[in-house]
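Subject: Structure handover

Hello,

Here is the structure you will be taking over. Please open it alongside this email; my notes follow below.

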Amino acid sequence: MALDSPVLWLALLQIIWINVLLSGDNAVVIALACRSLPQKVRRTGIVLGAGVAVGLRIIFTGIVATLLALPWLKLVGSLALMWIAVDLAGPEEAGEEAIQSSDNLWKAVGTVAVADIVMSLDNVVAVAAIADGDWFLLIFGLAISIPLIIAGSSLVMALINRFPLLVWAGAALLGWVAGDMLLGDVAIIERLGEATTHHLHRIVSAAGAVLVVAVALGLRWYKGRRAPHNDLPA
């Protein structure tokens, strides 16, 4: 894909946007893991941990992108991506997992790297789906977006809190990509034919976006009704 292609730059912006939306907790994990380090090496721990996390995430995303070329796996990936999108826009769960801090630089770096990979499985699937096997998009998109998360996590979260529509738009985008991924499965193309899948491309992609938003809204409404109300007069 040529560097001056609008399609390439649109996909790159999608990767950065989705990765930032799905990585809101990663900067928190990095801060918690490095909080016990001496002040003079804390920044080094954050940078090294983030660097190792970037490298590992690129490798894992490349593996997932390669596997998605196998029959039926894009169908599975599509369903997984829809669930990720619903989870992104759905009701937030209370409580956070405890992240152990360390006063040893390399132990802290290891904690950051492992925690980032464990927490980034959703990012891996989403970015692999958008990149569709293009290694330039994988590497460049992740290399740009992860430092943005680390350096500007507070700004990013403030923007998301200020404009909640960004989260919903991101979830809808993931639903669109999931629908597109489903029709790109080799097994689906063989059964429906290229002409039919091409004709259904926009319809199924739009249906994926609408389905994700509808399910997320439904879950928010359902959990809102089940939540205990503490507004009774004392």
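This is a predicted model: local features need pLDDT of at least 70, side-chain atom pairs count only at pLDDT 80 or more; totals for chains, interfaces and linings use all residues.

Helix α3 (39-67) gives the largest share, 6 residues. Both α3 and α4 supply at least two residues each. Leu70 sits in the loop between α3 and α4.

Now to α4 and its contact with α9. Helix α4 covers residues 73-89, and helix α9 covers residues 165-183. Their axes come within 8 Å and cross at roughly 170°. Angles over 145 degrees count as roughly antiparallel, so α4 and α9 are roughly antiparallel to each other.

Which residues in α4 meet α9? They are Lys74, Leu75, Gly77, Ser78, Leu81, Met82, Ile84, Ala85, Leu88 and Ala89. From α9, the residues in this contact include Trp168, Leu174, Val177, Met181 and Leu182. Glycines of α9 take part too, among them Gly170, Gly175 and Gly179. By type, the residues of the contact of α4 with α9 are 15 nonpolar, 5 polar and 1 charged.

Best wishes

Terms used: Residues are numbered from 1 along each chain as its sequence is written. Side-chain values use heavy atoms; hydrogens and water are left out. Axes are lines fitted to C-alpha atoms, for helices over the stretch in contact, and angles run from 0 to 180 degrees between N-to-C directions. Helices (H or I, at least four residues) and strands (E, at least two) are DSSP runs, numbered from the N terminus. Angles under 35 degrees count as roughly parallel, over 145 as roughly antiparallel, 65 to 115 as roughly perpendicular and the rest as oblique. Contact means heavy atoms within 4.5 Å. Ala, Val, Leu, Ile, Met, Phe, Trp, Tyr, Cys and Pro count as nonpolar, Asp, Glu, Lys and Arg as charged, and the others, Gly among them, as polar.
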